[in-house]
Amino acid sequence: MVKHNNMIKITENNRSLVFLAGTLIIGILIIGTLVFLENNDVESVQVVNEQTNTNYKDLEKKIEELKNQNFNPTSYNSLASEIDESFRQDLITSSAKTNLITKLTSIYSDLVYNQCEFFLSGNNSNGQDVLNWLTQLESITSKNSKIDRYRGQIKWYNYYAKTLTNKVDNFINPGITNYDDNTYRTLMNEVQTMPNFEKGYANKSKFIAIKSNLTRKLQNFNTEFYSN
């Protein structure tokens with residue numbers, strides 16, 4: 001009887017070992033399956049991200065090349081249309097389109113601001129064209145302090161380059177009978193200080209020459225009046 005009980009215990013121990021081994025094998029198979037599926041998912045994502053029928057890089061290159069080209073106010077609309085068309089043809093994703101438009105807007109904005117600086121530095125360019133480009137940029141982006149600042153400085157540029165010169169000439173040309181001390185002092189102050197016009201622009205050679213010329217005209221007129 002004792003022998004029989006020992007045999008039962010041995011059988012029960014074997015059954016436990018078999019159950020444990022089976023559990024381990026099943027666990028290993030499940031883990032292996034999960035790893036295999038995960039690897040397949042990663043490969044699938046990589047394939048999607050590495051699609052061959054995209055012109056994203058070409059569009060990105062065209063945007064970057066704007067920095068090295070002569071300024072062209074039609075370049076923004078042309079590239080924006082090309083980006084939009086690429087999206088409609090499924091050549092780029094929605095997020096790629098957004099990214100490209102953001103880059104294009106940033107680079108084009110800098111190009112417009114460079115044109116503003118070029119004009120304000122006294123170069124012979126058309127101020128009205130620059131104002132038109134600022135209006136275009138405002139419609140592309142939104143109203144902002146930088147656009148307002150450039151608009152204001154272009155206005156004062158035109159005032160001190162043309163309007164003030166005309167005011168001085170209109171004061172002097174009729175002769176000393178038109179002389180008025182208050183007008184003289186007001187005009188001289190404007191010529192000397194150029195209020196509202198930033199010093200960085202007022203100190204450019206163009207405006208130094210204007211200041212020198214108008215100062216001399218006013219001083220001579222003042223001397224002429226008081227010498228009579």
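Which residue's side chain does a polar contact of 3.3 Å join to that of Thr105? The partner is Tyr76; a polar contact is a pair of N or O atoms within 3.5 Å, where within protein one must be able to donate a hydrogen and the other to accept it, and residues adjacent in sequence count only if both atoms are side-chain atoms.

## Basis of the model

This is a predicted model, in which local features need pLDDT of at least 70 and side-chain atom pairs count only at pLDDT 80 or more, while totals for chains, interfaces and linings use all residues. Residues are numbered from 1 along each chain as its sequence is written, and side-chain values use heavy atoms, with hydrogens and water left out.

## Overall make-up

The protein chain has nine helices and zero strands. Helices (H or I, at least four residues) and strands (E, at least two) are DSSP runs, numbered from the N terminus. Read from that end, the order of elements is α-α-α-α-α-α-α-α-α.

Of the 228 residues in the protein chain, 28% are buried. Buried means under 20% relative accessible area, exposed over 50%, and partly exposed in between (1.4 Å probe, protein chains only). The chain exposes about 14900 Å², of which carbon and sulfur atoms supply 55%; accessible areas come from the Shrake-Rupley method with a 1.4 Å probe, and for residues only the protein chains shown count as cover. Among contacts with a separation of 6 or more, 67% are between residues 24 or more positions apart. Contact means heavy atoms within 4.5 Å.

## The largest nonpolar core

The largest nonpolar core holds 50 residues, and Phe197 and Leu218 touch the most other members. Such a core is a set of buried Ala, Val, Leu, Ile, Met, Phe, Trp, Tyr and Cys residues joined through side-chain atoms within 4.5 Å. Elements that give two or more residues to this core are H2 (56–65), H3 (75–88), H4 (94–120), H5 (127–140), H6 (145–172), H7 (181–193), H8 (199–202) and H9 (205–227).

With neighbours within four places in sequence left aside, Phe197 is in contact with Leu120, Gln153, Trp156, Tyr157, Tyr160, Ala202 and Phe207.

At 1.5 Å a residue, the 13 residues of H7 should span 18 Å, and the C-alpha atoms at its ends are 18 Å apart, which agrees. The expected span is 1.5 Å times one less than the number of residues in the helix. Tyr184, Leu187, Met188, Glu190 and Val191 are the buried residues of H7. Viewed down the helix axis, the buried residues of H7 fall within an arc of 160°, so they line one face of the helix; the arc is that of the directions from the helix axis to the C-beta atoms. The cover over these buried residues includes H6 and H9, while Asn182 and Arg185 are exposed on the other side of H7.

At the start of H7, a side-chain oxygen of Asp180 comes to within 3.1 Å of the backbone nitrogen of Asn182. Past the other end, Met194 lies in the loop between H7 and H8. Met194 is not a glycine, yet has a positive phi of about 45°. Its relative accessible area is 2%, so Met194 is buried. Asn196 lies in the loop between H7 and H8 as well, and its phi is near 75°, a positive value in a residue other than glycine.

Thr105 lies in helix H4 and counts as buried, because its relative accessibility is 17%. Apart from neighbours within four places in sequence, Thr105 is in contact with Tyr76, Ile140 and Thr141.

Gln136 is placed in helix H5. With 18% relative accessibility, Gln136 also counts as buried. A polar atom of the Gln136 side chain lies 3.0 Å from the backbone oxygen of Pro73. Beyond neighbours within four places, the contacts of Gln136 are Pro73, Asn77 and Tyr108.

## The loop between H4 and H5

Asn123 lies in the loop between H4 and H5 and counts as partly exposed at 29% relative accessibility. The Asn123 side chain reaches the backbone oxygen of Phe118 at 2.7 Å.
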